Amino acid sequence: MTDMTANGAQKSSINLAKVLGPTHVWALGVGIVLVGEFMGWNFSVEKGGALGSIIACWIIGLLYTCVAMIDSEVTSTVAAAGGQYTQAKHTTGPLMAFNVGLYLVLAYTMLEAADIFVFGDLVRIGAEALGAVEGSVSAQPFVLLAVSVLAFLNYRGVLMTLNVNFLITAVAFFSIIILVIAYQFGIFTSEPLQHEGLGMGSLPYGWMGVLAALQFAIWYYLGIEGTCQAAEEVRSCGRSLPLGTMTGMITLLIAAALTWYVCAGTLPWEYLGTALAPLYDASLMSGSKFLVVLLWVGTVFSALASANGCINDASRAWFSMGRDRYLPEFFAAVHPKYRTPYRAILFLIPIAAAFGFSGLLAPTITFSILSGLLGYTFMPINMFRFRSKWPLDTIKRGYIHPFHPIPSIVLLTLCAATYVAVYLGFGTQLLAMMVFYAVTSIWFVFFRYKYVRRGDQFTMAWPRPKGY
Amino acid sequence: MLDFLQFRDGWDILQAAAWLVSLVLLAWMLWDAIRVSQQYSEDVLTSSQEGVDELAGPNDVVHKA
(Lines give C-alpha, C1' and ligand atoms only; values in the text may rest on other atoms or scores of the structure.)
Protein backbone atom coordinates (compact mmCIF):
# COMPACT_ATOMS: atom_id res chain seq x y z
CA MET A 1 0.00 0.00 0.00
CA THR A 2 3.03 2.28 -0.32
CA ASP A 3 3.99 3.98 -3.57
CA MET A 4 6.93 6.12 -4.56
CA THR A 5 6.14 9.59 -5.81
CA ALA A 6 8.11 11.39 -8.50
CA ASN A 7 10.50 13.00 -6.02
CA GLY A 8 11.19 9.69 -4.30
CA ALA A 9 9.12 10.32 -1.20
CA GLN A 10 6.91 7.54 0.05
CA LYS A 11 3.17 8.01 -0.20
CA SER A 12 0.64 5.74 1.43
CA SER A 13 -2.07 4.59 -0.96
CA ILE A 14 -4.77 1.95 -1.05
CA ASN A 15 -5.39 0.37 -4.43
CA LEU A 16 -7.80 -2.26 -5.71
CA ALA A 17 -6.41 -5.78 -5.21
CA LYS A 18 -4.71 -7.35 -8.23
CA VAL A 19 -5.83 -10.92 -7.66
CA LEU A 20 -7.80 -12.01 -10.72
CA GLY A 21 -6.94 -14.30 -13.62
CA PRO A 22 -8.50 -15.13 -17.01
CA THR A 23 -11.08 -17.50 -15.48
CA HIS A 24 -12.39 -14.65 -13.32
CA VAL A 25 -12.63 -12.40 -16.37
CA TRP A 26 -14.56 -15.18 -18.12
CA ALA A 27 -16.82 -15.59 -15.07
CA LEU A 28 -17.51 -11.86 -14.97
CA GLY A 29 -18.37 -11.54 -18.67
CA VAL A 30 -20.32 -14.77 -19.18
CA GLY A 31 -21.89 -14.51 -15.71
CA ILE A 32 -23.50 -11.18 -16.53
CA VAL A 33 -24.79 -12.34 -19.89
CA LEU A 34 -25.93 -15.93 -19.46
CA VAL A 35 -29.28 -14.97 -17.90
CA GLY A 36 -30.17 -13.63 -21.37
CA GLU A 37 -30.06 -17.22 -22.66
CA PHE A 38 -32.56 -18.29 -20.00
CA MET A 39 -35.00 -15.45 -20.74
CA GLY A 40 -35.47 -12.43 -22.97
CA TRP A 41 -33.83 -13.54 -26.25
CA ASN A 42 -37.01 -15.39 -27.21
CA PHE A 43 -38.95 -12.13 -27.76
CA SER A 44 -36.91 -11.99 -31.01
CA VAL A 45 -38.89 -15.09 -32.09
CA GLU A 46 -42.14 -13.12 -31.74
CA LYS A 47 -40.73 -10.45 -34.05
CA GLY A 48 -39.09 -12.59 -36.72
CA GLY A 49 -40.09 -16.23 -36.18
CA ALA A 50 -37.66 -18.98 -35.15
CA LEU A 51 -35.55 -18.66 -38.29
CA GLY A 52 -35.51 -14.86 -38.01
CA SER A 53 -34.38 -15.20 -34.40
CA ILE A 54 -31.32 -17.30 -35.25
CA ILE A 55 -30.39 -14.95 -38.12
CA ALA A 56 -30.66 -12.01 -35.68
CA CYS A 57 -28.63 -14.03 -33.16
CA TRP A 58 -25.78 -14.38 -35.68
CA ILE A 59 -25.94 -10.72 -36.77
CA ILE A 60 -25.86 -9.47 -33.17
CA GLY A 61 -23.18 -12.10 -32.48
CA LEU A 62 -21.08 -10.32 -35.09
CA LEU A 63 -21.79 -6.97 -33.39
CA TYR A 64 -20.60 -8.32 -30.04
CA THR A 65 -17.57 -10.06 -31.56
CA CYS A 66 -16.51 -6.61 -32.81
CA VAL A 67 -17.21 -5.20 -29.32
CA ALA A 68 -15.10 -7.95 -27.71
CA MET A 69 -12.20 -7.45 -30.17
CA ILE A 70 -12.12 -3.67 -29.77
CA ASP A 71 -12.48 -3.89 -26.00
CA SER A 72 -9.73 -6.47 -25.78
CA GLU A 73 -7.24 -4.32 -27.67
CA VAL A 74 -7.91 -1.04 -25.87
CA THR A 75 -8.27 -2.51 -22.40
CA SER A 76 -5.15 -4.64 -22.78
CA THR A 77 -3.31 -1.32 -22.62
CA VAL A 78 -5.58 0.52 -20.16
CA ALA A 79 -5.10 -1.43 -16.94
CA ALA A 80 -7.70 0.63 -15.10
CA ALA A 81 -11.18 0.12 -13.70
CA GLY A 82 -13.96 1.90 -15.53
CA GLY A 83 -13.76 -0.04 -18.80
CA GLN A 84 -15.17 1.92 -21.71
CA TYR A 85 -15.40 5.04 -19.54
CA THR A 86 -11.63 4.98 -19.05
CA GLN A 87 -11.09 4.21 -22.74
CA ALA A 88 -13.22 7.21 -23.74
CA LYS A 89 -11.43 9.41 -21.23
CA HIS A 90 -8.04 8.61 -22.74
CA THR A 91 -8.96 8.61 -26.40
CA THR A 92 -11.72 11.18 -26.85
CA GLY A 93 -12.51 13.53 -24.00
CA PRO A 94 -14.38 14.26 -20.77
CA LEU A 95 -17.92 14.74 -22.13
CA MET A 96 -17.92 11.44 -23.98
CA ALA A 97 -16.29 9.75 -20.99
CA PHE A 98 -18.98 11.09 -18.65
CA ASN A 99 -21.74 9.86 -20.92
CA VAL A 100 -20.15 6.44 -21.43
CA GLY A 101 -19.60 6.12 -17.67
CA LEU A 102 -23.24 6.91 -17.03
CA TYR A 103 -24.37 4.40 -19.70
CA LEU A 104 -22.29 1.74 -17.97
CA VAL A 105 -23.59 2.44 -14.47
CA LEU A 106 -27.21 2.55 -15.59
CA ALA A 107 -26.92 -0.45 -17.93
CA TYR A 108 -25.50 -2.63 -15.14
CA THR A 109 -27.65 -1.28 -12.30
CA MET A 110 -30.86 -1.71 -14.29
CA LEU A 111 -29.81 -5.22 -15.38
CA GLU A 112 -29.03 -6.01 -11.73
CA ALA A 113 -32.50 -4.77 -10.73
CA ALA A 114 -34.09 -7.02 -13.36
CA ASP A 115 -31.97 -9.98 -12.23
CA ILE A 116 -32.91 -9.73 -8.57
CA PHE A 117 -36.57 -9.23 -9.53
CA VAL A 118 -36.38 -12.42 -11.61
CA PHE A 119 -34.67 -14.25 -8.74
CA GLY A 120 -37.40 -13.21 -6.29
CA ASP A 121 -40.10 -14.25 -8.74
CA LEU A 122 -38.44 -17.63 -9.39
CA VAL A 123 -38.36 -18.33 -5.64
CA ARG A 124 -42.05 -17.43 -5.43
CA ILE A 125 -42.87 -19.71 -8.38
CA GLY A 126 -40.74 -22.49 -6.87
CA ALA A 127 -42.50 -22.10 -3.50
CA GLU A 128 -45.93 -22.34 -5.12
CA ALA A 129 -44.80 -25.40 -7.09
CA LEU A 130 -43.77 -26.98 -3.78
CA GLY A 131 -47.19 -26.43 -2.24
CA ALA A 132 -47.26 -22.89 -0.86
CA VAL A 133 -50.70 -21.24 -1.08
CA GLU A 134 -50.90 -19.01 -4.16
CA GLY A 135 -50.26 -15.41 -3.17
CA SER A 136 -48.91 -16.32 0.28
CA VAL A 137 -45.24 -16.05 -0.72
CA SER A 138 -43.94 -12.62 -1.65
CA ALA A 139 -40.97 -12.11 -3.96
CA GLN A 140 -39.82 -8.97 -2.12
CA PRO A 141 -37.88 -10.53 0.79
CA PHE A 142 -35.95 -12.67 -1.70
CA VAL A 143 -35.26 -9.67 -3.95
CA LEU A 144 -33.69 -7.89 -0.97
CA LEU A 145 -31.91 -11.06 0.14
CA ALA A 146 -30.30 -11.49 -3.29
CA VAL A 147 -29.06 -7.91 -3.51
CA SER A 148 -27.76 -7.81 0.07
CA VAL A 149 -25.95 -11.18 -0.07
CA LEU A 150 -24.35 -10.34 -3.42
CA ALA A 151 -23.44 -6.82 -2.32
CA PHE A 152 -21.93 -8.32 0.84
CA LEU A 153 -19.82 -10.66 -1.32
CA ASN A 154 -18.69 -7.75 -3.49
CA TYR A 155 -17.97 -5.63 -0.41
CA ARG A 156 -15.75 -8.31 1.14
CA GLY A 157 -13.49 -8.90 -1.84
CA VAL A 158 -13.38 -9.36 -5.59
CA LEU A 159 -11.64 -12.75 -5.56
CA MET A 160 -14.38 -14.60 -3.67
CA THR A 161 -17.04 -12.68 -5.63
CA LEU A 162 -15.76 -13.91 -8.97
CA ASN A 163 -14.91 -17.40 -7.68
CA VAL A 164 -18.57 -17.75 -6.74
CA ASN A 165 -19.55 -16.30 -10.11
CA PHE A 166 -17.37 -18.83 -11.90
CA LEU A 167 -19.05 -21.74 -10.10
CA ILE A 168 -22.66 -20.66 -10.56
CA THR A 169 -22.08 -19.54 -14.16
CA ALA A 170 -20.49 -22.92 -14.98
CA VAL A 171 -23.50 -24.75 -13.45
CA ALA A 172 -25.91 -22.59 -15.48
CA PHE A 173 -23.92 -23.13 -18.69
CA PHE A 174 -23.75 -26.90 -18.20
CA SER A 175 -27.48 -27.05 -17.52
CA ILE A 176 -27.99 -25.81 -21.11
CA ILE A 177 -25.50 -28.36 -22.45
CA ILE A 178 -27.16 -31.21 -20.51
CA LEU A 179 -30.62 -30.20 -21.78
CA VAL A 180 -29.40 -30.23 -25.40
CA ILE A 181 -27.65 -33.60 -24.95
CA ALA A 182 -30.76 -35.04 -23.27
CA TYR A 183 -32.99 -34.08 -26.21
CA GLN A 184 -30.45 -34.90 -28.90
CA PHE A 185 -29.64 -38.41 -27.65
CA GLY A 186 -32.91 -39.25 -25.91
CA ILE A 187 -31.47 -39.32 -22.38
CA PHE A 188 -34.00 -38.60 -19.56
CA THR A 189 -36.62 -37.92 -22.24
CA SER A 190 -38.10 -39.62 -25.29
CA GLU A 191 -39.47 -36.39 -26.74
CA PRO A 192 -37.86 -35.62 -30.12
CA LEU A 193 -36.62 -32.25 -31.36
CA GLN A 194 -38.94 -31.21 -34.20
CA HIS A 195 -37.74 -27.99 -35.78
CA GLU A 196 -39.62 -28.42 -39.06
CA GLY A 197 -42.91 -29.29 -37.40
CA LEU A 198 -42.79 -26.25 -35.09
CA GLY A 199 -42.43 -23.66 -37.83
CA MET A 200 -38.67 -23.37 -38.06
CA GLY A 201 -38.24 -23.13 -41.80
CA SER A 202 -39.86 -19.78 -42.66
CA LEU A 203 -39.71 -16.05 -41.99
CA PRO A 204 -43.32 -15.21 -41.02
CA TYR A 205 -42.73 -11.44 -41.23
CA GLY A 206 -40.00 -11.50 -43.87
CA TRP A 207 -36.72 -9.61 -43.52
CA MET A 208 -38.47 -6.75 -41.74
CA GLY A 209 -39.15 -9.25 -38.96
CA VAL A 210 -35.45 -10.10 -38.83
CA LEU A 211 -34.63 -6.40 -38.48
CA ALA A 212 -37.19 -6.04 -35.68
CA ALA A 213 -35.72 -9.11 -33.98
CA LEU A 214 -32.30 -7.46 -33.63
CA GLN A 215 -33.32 -5.51 -30.51
CA PHE A 216 -34.08 -8.71 -28.58
CA ALA A 217 -31.15 -10.69 -29.99
CA ILE A 218 -28.99 -8.33 -27.90
CA TRP A 219 -30.10 -10.39 -24.88
CA TYR A 220 -27.93 -13.27 -26.08
CA TYR A 221 -24.77 -11.24 -25.39
CA LEU A 222 -25.60 -8.06 -23.42
CA GLY A 223 -22.88 -7.46 -20.84
CA ILE A 224 -19.84 -9.29 -22.26
CA GLU A 225 -18.16 -5.89 -22.55
CA GLY A 226 -18.24 -5.80 -18.73
CA THR A 227 -15.02 -7.81 -18.60
CA CYS A 228 -13.15 -4.51 -19.04
CA GLN A 229 -14.18 -3.38 -15.56
CA ALA A 230 -11.83 -6.00 -14.10
CA ALA A 231 -8.78 -4.45 -15.81
CA GLU A 232 -7.36 -2.90 -12.64
CA GLU A 233 -7.79 -6.08 -10.61
CA VAL A 234 -6.34 -8.73 -12.94
CA ARG A 235 -2.78 -9.80 -12.33
CA SER A 236 -1.81 -9.44 -15.99
CA CYS A 237 -4.26 -7.17 -17.75
CA GLY A 238 -2.55 -7.37 -21.14
CA ARG A 239 -2.83 -11.14 -21.22
CA SER A 240 -5.75 -12.12 -18.97
CA LEU A 241 -8.28 -9.64 -20.23
CA PRO A 242 -8.20 -10.48 -23.95
CA LEU A 243 -8.09 -14.21 -23.12
CA GLY A 244 -11.04 -14.01 -20.71
CA THR A 245 -13.09 -11.77 -22.99
CA MET A 246 -12.57 -13.75 -26.20
CA THR A 247 -13.16 -17.15 -24.56
CA GLY A 248 -16.25 -15.62 -22.93
CA MET A 249 -17.51 -14.49 -26.33
CA ILE A 250 -16.92 -17.96 -27.81
CA THR A 251 -18.81 -19.49 -24.85
CA LEU A 252 -21.74 -17.17 -25.46
CA LEU A 253 -21.88 -17.90 -29.19
CA ILE A 254 -22.07 -21.61 -28.36
CA ALA A 255 -24.63 -21.08 -25.58
CA ALA A 256 -26.80 -18.85 -27.80
CA ALA A 257 -26.85 -21.35 -30.67
CA LEU A 258 -27.60 -24.30 -28.36
CA THR A 259 -30.33 -22.35 -26.53
CA TRP A 260 -32.05 -21.46 -29.76
CA TYR A 261 -31.62 -25.03 -31.09
CA VAL A 262 -33.24 -26.76 -28.12
CA CYS A 263 -36.03 -24.18 -27.62
CA ALA A 264 -36.96 -23.93 -31.31
CA GLY A 265 -37.09 -27.73 -31.43
CA THR A 266 -39.40 -28.16 -28.44
CA LEU A 267 -41.75 -25.16 -28.38
CA PRO A 268 -44.00 -23.78 -31.16
CA TRP A 269 -42.61 -20.43 -32.29
CA GLU A 270 -45.86 -18.61 -31.52
CA TYR A 271 -45.53 -19.67 -27.84
CA LEU A 272 -41.74 -19.36 -27.70
CA GLY A 273 -41.97 -15.70 -28.71
CA THR A 274 -43.93 -14.84 -25.57
CA ALA A 275 -42.56 -17.30 -22.99
CA LEU A 276 -41.07 -15.93 -19.76
CA ALA A 277 -38.43 -18.62 -19.27
CA PRO A 278 -38.02 -20.57 -22.52
CA LEU A 279 -35.24 -22.94 -21.43
CA TYR A 280 -37.23 -23.88 -18.32
CA ASP A 281 -40.29 -24.40 -20.53
CA ALA A 282 -38.20 -26.60 -22.84
CA SER A 283 -37.28 -28.72 -19.82
CA LEU A 284 -40.96 -28.99 -18.85
CA MET A 285 -41.69 -30.46 -22.31
CA SER A 286 -39.22 -33.30 -21.60
CA GLY A 287 -41.36 -34.77 -18.82
CA SER A 288 -38.18 -35.37 -16.78
CA LYS A 289 -38.17 -34.13 -13.17
CA PHE A 290 -34.37 -34.09 -13.19
CA LEU A 291 -34.23 -31.77 -16.20
CA VAL A 292 -36.94 -29.50 -14.76
CA VAL A 293 -35.09 -29.09 -11.45
CA LEU A 294 -31.76 -28.67 -13.26
CA LEU A 295 -33.09 -25.90 -15.49
CA TRP A 296 -34.82 -24.16 -12.56
CA VAL A 297 -31.47 -24.18 -10.74
CA GLY A 298 -29.71 -23.03 -13.94
CA THR A 299 -32.16 -20.14 -14.34
CA VAL A 300 -31.79 -19.07 -10.68
CA PHE A 301 -27.98 -19.31 -10.84
CA SER A 302 -27.82 -17.36 -14.09
CA ALA A 303 -29.89 -14.53 -12.55
CA LEU A 304 -27.66 -14.46 -9.46
CA ALA A 305 -24.44 -14.58 -11.51
CA SER A 306 -25.68 -11.71 -13.63
CA ALA A 307 -26.65 -9.58 -10.62
CA ASN A 308 -23.32 -10.38 -8.96
CA GLY A 309 -21.33 -9.31 -12.02
CA CYS A 310 -23.47 -6.21 -12.44
CA ILE A 311 -22.77 -5.07 -8.86
CA ASN A 312 -19.08 -5.53 -9.58
CA ASP A 313 -19.16 -3.62 -12.87
CA ALA A 314 -21.49 -0.77 -11.90
CA SER A 315 -19.48 -0.07 -8.77
CA ARG A 316 -16.16 -0.01 -10.69
CA ALA A 317 -17.55 2.46 -13.22
CA TRP A 318 -19.01 4.67 -10.45
CA PHE A 319 -15.75 4.42 -8.50
CA SER A 320 -13.62 5.40 -11.53
CA MET A 321 -15.78 8.44 -12.24
CA GLY A 322 -15.42 9.48 -8.60
CA ARG A 323 -11.65 9.05 -8.75
CA ASP A 324 -11.44 11.48 -11.66
CA ARG A 325 -13.95 13.79 -9.93
CA TYR A 326 -16.54 13.36 -12.65
CA LEU A 327 -18.64 12.52 -9.58
CA PRO A 328 -17.91 13.45 -5.94
CA GLU A 329 -14.53 12.07 -4.87
CA PHE A 330 -16.27 10.45 -1.89
CA PHE A 331 -17.08 7.49 -4.16
CA ALA A 332 -13.42 6.88 -5.00
CA ALA A 333 -12.71 5.32 -1.60
CA VAL A 334 -11.13 1.87 -1.50
CA HIS A 335 -11.66 -0.33 1.56
CA PRO A 336 -8.29 -0.65 3.34
CA LYS A 337 -8.86 -4.29 4.29
CA TYR A 338 -10.97 -5.75 1.47
CA ARG A 339 -9.53 -3.50 -1.28
CA THR A 340 -12.92 -2.94 -2.92
CA PRO A 341 -14.72 0.29 -3.91
CA TYR A 342 -17.00 -0.13 -0.91
CA ARG A 343 -18.80 3.22 -1.03
CA ALA A 344 -19.71 2.81 -4.69
CA ILE A 345 -21.03 -0.69 -3.92
CA LEU A 346 -23.12 0.57 -1.01
CA PHE A 347 -24.44 3.62 -2.87
CA LEU A 348 -25.87 1.59 -5.75
CA ILE A 349 -27.68 -1.00 -3.56
CA PRO A 350 -30.84 1.08 -2.83
CA ILE A 351 -31.16 2.10 -6.50
CA ALA A 352 -31.05 -1.52 -7.70
CA ALA A 353 -33.33 -2.67 -4.85
CA ALA A 354 -35.88 0.08 -5.59
CA PHE A 355 -36.13 -0.90 -9.25
CA GLY A 356 -36.14 -4.59 -8.26
CA PHE A 357 -39.09 -3.96 -5.92
CA SER A 358 -40.94 -1.94 -8.54
CA GLY A 359 -41.60 -5.00 -10.67
CA LEU A 360 -41.25 -2.90 -13.82
CA LEU A 361 -39.24 -5.53 -15.66
CA ALA A 362 -39.76 -4.39 -19.26
CA PRO A 363 -38.88 -0.67 -18.79
CA THR A 364 -35.93 -1.59 -16.57
CA ILE A 365 -34.49 -3.99 -19.12
CA THR A 366 -35.16 -1.56 -21.97
CA PHE A 367 -33.23 1.13 -20.10
CA SER A 368 -30.35 -1.33 -19.67
CA ILE A 369 -30.30 -2.43 -23.32
CA LEU A 370 -30.51 1.12 -24.68
CA SER A 371 -27.74 2.30 -22.37
CA GLY A 372 -25.58 -0.59 -23.56
CA LEU A 373 -26.34 0.17 -27.20
CA LEU A 374 -25.41 3.83 -26.79
CA GLY A 375 -22.12 2.70 -25.27
CA TYR A 376 -21.35 0.38 -28.21
CA THR A 377 -21.96 3.23 -30.65
CA PHE A 378 -19.11 5.22 -29.14
CA MET A 379 -16.66 2.31 -29.22
CA PRO A 380 -15.78 2.49 -32.95
CA ILE A 381 -15.14 6.24 -32.58
CA ASN A 382 -12.82 5.52 -29.65
CA MET A 383 -11.08 2.78 -31.64
CA PHE A 384 -10.41 5.06 -34.62
CA ARG A 385 -8.97 7.71 -32.33
CA PHE A 386 -6.95 5.16 -30.34
CA ARG A 387 -5.27 3.76 -33.46
CA SER A 388 -4.62 7.21 -34.92
CA LYS A 389 -3.29 8.79 -31.70
CA TRP A 390 -1.25 5.77 -30.65
CA PRO A 391 -0.37 3.71 -33.75
CA LEU A 392 0.66 0.07 -33.28
CA ASP A 393 4.37 0.76 -32.91
CA THR A 394 4.00 3.42 -30.19
CA ILE A 395 2.57 1.44 -27.25
CA LYS A 396 2.64 -2.23 -26.34
CA ARG A 397 -0.66 -4.00 -26.67
CA GLY A 398 -1.57 -7.34 -25.10
CA TYR A 399 -3.88 -7.99 -28.03
CA ILE A 400 -4.12 -6.41 -31.49
CA HIS A 401 -7.43 -6.99 -33.18
CA PRO A 402 -7.18 -7.96 -36.86
CA PHE A 403 -8.56 -6.23 -39.96
CA HIS A 404 -8.84 -2.72 -38.50
CA PRO A 405 -10.93 -0.69 -39.42
CA ILE A 406 -13.41 -3.35 -40.62
CA PRO A 407 -14.63 -4.38 -37.11
CA SER A 408 -15.23 -0.71 -36.20
CA ILE A 409 -17.17 -0.06 -39.42
CA VAL A 410 -19.19 -3.27 -38.97
CA LEU A 411 -19.95 -2.35 -35.35
CA LEU A 412 -21.11 1.14 -36.26
CA THR A 413 -23.29 -0.21 -39.09
CA LEU A 414 -24.89 -2.89 -36.93
CA CYS A 415 -25.51 -0.37 -34.12
CA ALA A 416 -27.33 1.84 -36.65
CA ALA A 417 -29.46 -1.12 -37.80
CA THR A 418 -30.26 -1.99 -34.17
CA TYR A 419 -31.33 1.60 -33.46
CA VAL A 420 -33.86 1.26 -36.28
CA ALA A 421 -35.08 -1.98 -34.70
CA VAL A 422 -35.29 -0.39 -31.25
CA TYR A 423 -37.13 2.61 -32.69
CA LEU A 424 -39.70 0.24 -34.18
CA GLY A 425 -40.39 -1.31 -30.77
CA PHE A 426 -39.40 1.27 -28.17
CA GLY A 427 -39.25 4.59 -30.04
CA THR A 428 -40.60 6.70 -27.18
CA GLN A 429 -38.26 5.15 -24.61
CA LEU A 430 -35.30 5.63 -26.96
CA LEU A 431 -36.07 9.32 -27.43
CA ALA A 432 -36.81 9.81 -23.71
CA MET A 433 -33.50 8.23 -22.81
CA MET A 434 -31.59 10.40 -25.25
CA VAL A 435 -33.22 13.46 -23.68
CA PHE A 436 -32.20 12.16 -20.24
CA TYR A 437 -28.57 11.78 -21.30
CA ALA A 438 -28.63 15.20 -23.00
CA VAL A 439 -29.83 16.81 -19.75
CA THR A 440 -27.16 15.02 -17.68
CA SER A 441 -24.54 16.14 -20.21
CA ILE A 442 -25.63 19.77 -19.74
CA TRP A 443 -25.38 19.30 -15.97
CA PHE A 444 -21.88 17.87 -16.38
CA VAL A 445 -20.63 20.67 -18.63
CA PHE A 446 -22.02 23.55 -16.56
CA PHE A 447 -21.93 22.26 -12.99
CA ARG A 448 -19.51 19.33 -12.67
CA TYR A 449 -16.66 19.71 -15.15
CA LYS A 450 -15.05 22.46 -13.05
CA TYR A 451 -14.20 19.83 -10.39
CA VAL A 452 -12.50 17.40 -12.83
CA ARG A 453 -8.75 16.99 -12.42
CA ARG A 454 -7.99 17.54 -16.06
CA GLY A 455 -4.31 16.54 -16.05
CA ASP A 456 -4.24 14.04 -13.21
CA GLN A 457 -6.74 11.70 -14.84
CA PHE A 458 -4.26 10.57 -17.52
CA THR A 459 -2.05 8.13 -15.69
CA MET A 460 -1.20 5.51 -18.31
CA ALA A 461 2.47 4.99 -19.09
CA TRP A 462 1.94 6.02 -22.68
CA PRO A 463 3.94 8.34 -24.91
CA ARG A 464 2.38 11.58 -26.06
CA PRO A 465 -0.35 11.00 -28.65
CA LYS A 466 0.62 11.43 -32.27
CA GLY A 467 0.16 15.04 -33.37
CA TYR A 468 0.32 16.52 -29.85
CA MET B 1 -49.17 -5.35 17.62
CA LEU B 2 -46.84 -8.27 17.02
CA ASP B 3 -49.08 -9.96 14.45
CA PHE B 4 -46.26 -10.20 11.99
CA LEU B 5 -44.57 -12.70 14.32
CA GLN B 6 -47.43 -15.19 13.97
CA PHE B 7 -46.18 -17.51 11.25
CA ARG B 8 -48.70 -19.54 9.28
CA ASP B 9 -46.23 -22.04 7.81
CA GLY B 10 -42.59 -22.68 6.91
CA TRP B 11 -42.73 -20.24 3.99
CA ASP B 12 -43.61 -17.41 6.38
CA ILE B 13 -40.57 -18.27 8.48
CA LEU B 14 -38.42 -18.38 5.34
CA GLN B 15 -39.64 -14.94 4.25
CA ALA B 16 -39.02 -13.48 7.71
CA ALA B 17 -35.54 -15.04 7.70
CA ALA B 18 -34.84 -13.47 4.29
CA TRP B 19 -35.84 -10.01 5.60
CA LEU B 20 -33.75 -10.52 8.74
CA VAL B 21 -30.59 -11.77 6.99
CA SER B 22 -30.84 -8.93 4.42
CA LEU B 23 -31.18 -6.26 7.11
CA VAL B 24 -28.31 -7.72 9.17
CA LEU B 25 -25.99 -7.77 6.13
CA LEU B 26 -26.94 -4.25 5.05
CA ALA B 27 -26.55 -2.94 8.60
CA TRP B 28 -23.13 -4.60 8.93
CA MET B 29 -21.89 -3.07 5.66
CA LEU B 30 -23.14 0.35 6.70
CA TRP B 31 -21.54 0.04 10.15
CA ASP B 32 -18.24 -1.13 8.64
CA ALA B 33 -18.22 1.71 6.09
CA ILE B 34 -18.75 4.29 8.86
CA ARG B 35 -16.08 2.65 11.04
CA VAL B 36 -13.53 2.65 8.19
CA SER B 37 -14.31 6.29 7.38
CA GLN B 38 -13.61 7.23 11.00
CA GLN B 39 -10.37 5.25 11.22
CA TYR B 40 -8.75 6.44 7.98
CA SER B 41 -8.40 9.87 6.47
CA GLU B 42 -10.15 10.67 3.19
CA ASP B 43 -6.75 11.22 1.57
CA VAL B 44 -5.75 7.63 2.29
CA LEU B 45 -9.10 6.09 1.37
CA THR B 46 -9.22 7.92 -1.97
CA SER B 47 -5.54 7.49 -2.81
CA SER B 48 -5.89 4.69 -5.37
CA GLN B 49 -4.27 5.10 -8.73
CA GLU B 50 -5.10 3.64 -12.12
CA GLY B 51 -3.14 0.46 -12.68
CA VAL B 52 -0.12 0.03 -14.87
CA ASP B 53 0.27 -3.28 -16.64
CA GLU B 54 3.61 -5.05 -16.74
CA LEU B 55 3.47 -4.75 -20.55
CA ALA B 56 4.39 -1.11 -20.02
CA GLY B 57 8.19 -1.24 -19.96
CA PRO B 58 10.54 0.74 -17.71
CA ASN B 59 11.28 3.18 -20.50
CA ASP B 60 7.67 4.14 -21.04
CA VAL B 61 7.14 7.61 -19.70
CA VAL B 62 4.05 9.14 -18.15
CA HIS B 63 3.26 12.50 -19.68
CA LYS B 64 0.92 14.68 -17.71
CA ALA B 65 -1.13 17.25 -19.55
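Start by selecting Leu63(A): leaving out residues up to four places away in sequence, it touches Leu411(A) and Leu414(A). Touching, or being in contact, means that the C-beta atoms of two residues, placed from the backbone, lie within 7 Å. Before you click on, know that this is a predicted model, where local features need pLDDT of at least 70, side-chain atom pairs count only at pLDDT 80 or more, and totals for chains, interfaces and linings use all residues. Residues are numbered from 1 along each chain as its sequence is written, while chains are lettered from A and ligands numbered from 1 in the order in which they are written.

Helices here are DSSP runs of H or I with at least four residues, numbered from the N terminus. Is Leu63(A) buried or exposed? Leu63(A) counts as buried because it has 24 C-beta neighbours inside 10 Å (the cut-offs: 20 or more is buried, 12 or fewer exposed, in between partly exposed).

Next, pick helix 5 (residues 94-129) and helix 12 (residues 289-323) of chain A, whose axes come within 8 Å and cross at roughly 155°. The axes are lines fitted to C-alpha atoms over the stretch in contact, with angles from 0 to 180 degrees between N-to-C directions. Helix 5 and helix 12 of chain A are therefore roughly antiparallel, the word for angles over 145 degrees.

Last stop: show both chains. Here 47 residues of chain A are in contact with 32 residues of chain B. Helix 6 of chain A gives the largest share of chain A's side, nine residues.

Key
Helices (H or I, at least four residues) and strands (E, at least two) are DSSP runs, numbered from the N terminus. Angles under 35 degrees count as roughly parallel, over 145 as roughly antiparallel, 65 to 115 as roughly perpendicular and the rest as oblique.
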